[in-house]
Amino acid sequence: MSSNVEGRRRAAVLVATVIVLGAFGYLLYGGLDKNVVFFLTPQELLAKGTAVYDVPVRLGGMVTPGSVKWDADKLDLRFQVSDGTQTVEVRSKGAPPQMFRDGMGVVCEGKFRSNGTFESTNLMIKHSEEYRAPKPGETPQQMYKTLMKDMRS
Amino acid sequence: MTRLIGYNALWVALATAVFGLVAIPLGVRRGRGGLIQASYAATFAMFWLTTAAVFAMIFGLVTHDFSIGYVAQVGSRATPLFYTIISLWGALEGSILFWAWVLTLLSALVVFWNRDREGALIPYTTMTMLAVSFFFFILLVGPANPFTLVSPTPLDGPGPNPLLQNHILMGVHPPLLYLGYVGMTVPFAFAIGAMASGEVEKDDWIKLSRRWTLGAWGFLSAAIIAGMWWSYEVLGWGGYWAWDPVENASFMPWLTATAFLHSVMVQERRGMLRLWNLNLIVSTFALTILGTFLTRSGVLSSVHAFGEGPIGAYFLVAIGITLIVSFAGVAGNSDALKSTGRLDGVASRETVFLLNNLLFTAFTFTVLIGTLFPIIAEAARGVKVSVGEPFFNKMTLPICASLLFLMGVGPALPWKRATKEDLKRQMIPPAVGAVIAAIVSIGFGARDVYAVLTFAFAAFALVANVREYASGVRARMRLRSETAVTALGKLVGANRRRYGGYVAHMGMVCVAVAIAASSTFRSEHEATLTKGASMPVGRFQVRLNQVYGREEVQRSRIAANVSIMQGGEEIGRLDPAMNFYPTSETPIPTPAVRSRPWGDIYVNLMAFKPDGSSATLKVIVEPLVPWIWFGGGIVCLGAIISMSTMPGRRRAPVWSAASVAAEGMTTPPLPTGATGLLATTSLEGAD
């Protein structure tokens, strides 16, 4: 095989590689650009105002104690998420996750609507892996005991 | 006492590793066989010392010795014995200890099976294993020391993370993953050993490490499937894969290792891709360390991230050293790494392997970018972002579909060059299968283009791989007049690697079809039911019978008893529950699953009224899910068949009694002692 053919073959391989890499990079970039979801606190969300209406975002914060309202029959869950300075009303369809409690950290995936409500499609609990003794108040044990007592009666 | 034994064993093990790291290069340079032999002995000693440390830890866990830091962190008197023992890998320090143990076991086995081999390859391979072990011992005596002293000694501990003691698969998934992850160190060590010893020209390192790579790959496959299963059975969302960073961390080395298993055949057959293969195996190892960094450093939050600590920096340094050493080795050996063969025809098995490797590499990059992007974005621009499932699905589904297709093309094409007749003869039957599968799936209501493609290409690959068997069996039956069964047995026996590979292909087809079907034909319904009421899901009805509570030793349990009804008749009962652990403020969901060959009915208890009068249930009907686990088993079976070839058989003379034992694989004394370890955790035995 002549060196000319060899050289041309090499050039062809090089060009093909560049094209493949370029196309792949472009696809990756496009995919990332469209599918990156921003993580915002209530303060950041409200500061962005109309710019984040109807865009998928993740809202993170604490569930304001006492704000949880759940209609079991309609599977309609409403609560407030707060970062200490600002508060956002959240509405979610479906049952709250089992680990959902007042005052705990949550991440709500969904869209902020122009009526000022955050419509969540996916609720994630930020559960710490550090072990803590249950706080006084409604502990699982107490809940459990209530249930046992109520069922016996 | 136990604490001191464990801690000191780790220090001495560290010292043996250092000894080996010094003695091996000295021994090789000066031609002193005695030093090499001494380092081999040090490798065995390192294994036994780590074993002692693991024993001490298990003994401490079982005897509730809360003066040991790790026991105080994960132990509790109320935890059942099984979960107490497996909490060995339930948190950071213990998992690093277990990792080190597996690593020293593999190092000892590598030395044991290859110690009579001449040349510098095995010494340098051992040295690489020792260097990696050294790194883990540094972690164990430093930032991840499991044997810290707790004073005053607490009376009881919190017990393992509730999520990790809620399902038996926790006893299965982590050891499999460690064997797979750590197993990838062995081919990496052989690659480094080959480069350091200048033996990279001969492809011996590939032959010697082949079964190790296959074994590690099999364990990693099994671990990924077991992890999916665990997530499905425990986390309560009815899915098994979410492109979570920890899943990606285990998946990336699997992708590069799979690419390696294929491309290495091109090197053996055709003398091409030498450089590429070295890079693949180095990447695989680097990705295992990266995966450990991601899951253990606290940069990500997940069930695998055990809180923050300085350990992340150590892993970053390890990745850096790995890459620098490897690329220096590759650069220093560039002359020896030239291809000796070349591509003859476009339509050939080599081409398919090349495409396969391109796709696997692209796949790995996609997952890598998607996993690291949030970390990079936060570091570079201070914004918190997440890369969701849509990105991964959009990018990887076309790759998956193409890989399925190639899985059918590759086995059917000959090496070097396929003629037009070859193509016609080999491609038409699978293509017919693909068209039929596409039509059938559309008939069943599949509309998603990738779902239809998956079914079509799965059928294509299945037909092609089955035909490989069929034609081989037919040829044997004709030529040697064997029965179909003997012919099949002998066919596989004569070329286990090849036919084992086809078995793994069929397992993958099974997994692909089950994943596509369970996500395409899934139906889900969530509702609050009062006692006696029912709701429809797919072709079933689910009726709530009762909500009840039960006190167990280590936890309380609230469960709902539901009946699954079909056509007015009860076909089964399930008890989805929430488990309340004393250490957790919130309950752990415990879904109940009814598995049948056609698919699963998955019921999760979401909420309940404290008086027990009603409960909110989420019910998901997912077709074919059990076939994911079954297919995973077939993939592993394929790996086992492939690696069951004895490399020793073709080796020439047998020198000593020891190598006879190793060659015949008659249970050498070392692994027996090692595998029996975890089983013998009785108190007397460990004292």
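The questions and answers below concern helix packing and domain layout in a predicted model.

Residues are numbered from 1 along each chain as its sequence is written, with chains lettered from A and ligands numbered from 1 in the order in which they are written. Local features need pLDDT of at least 70 and side-chain atom pairs count only at pLDDT 80 or more, while totals for chains, interfaces and linings use all residues.

Colleague: How are α10(B) and α13(B) oriented to each other?

Modeller: The axes of α10 (residues 245–270) and α13 (residues 349–381) of chain B come within 9 Å and cross at roughly 160°. Axes are lines fitted to C-alpha atoms, for helices over the stretch in contact, with angles from 0 to 180 degrees between N-to-C directions; helices (H or I, at least four residues) are DSSP runs numbered from the N terminus. Angles over 145 degrees count as roughly antiparallel, so α10(B) is to α13(B) roughly antiparallel.

Colleague: Where does α13(B) kink?

Modeller: The bend at a residue is the angle between axes fitted to the seven residues ending there and the seven starting there. In α13(B) a kink of about 40° lies shortly before the proline B:Pro374, at B:Phe373.

Colleague: What is the distance between the end C-alpha atoms of α13(B)?

Modeller: The expected span is 1.5 Å times one less than the number of residues. The 33 residues of α13(B) should therefore span 48 Å, which agrees with the end-to-end C-alpha distance of 46 Å.

Colleague: What separates the centres of domain 1 and domain 2 of chain A?

Modeller: Domain bounds come from an automatic or database domain assignment, which divides chain A into domain 1 (1–36) and domain 2 (38–128). Taken over C-alpha atoms, their centres are separated by 44 Å.

Conventions:
Helix = DSSP H or I, 4+ residues; strand = E, 2+ residues; numbered from the N terminus. Parallel < 35°, antiparallel > 145°, perpendicular 65-115°, else oblique.
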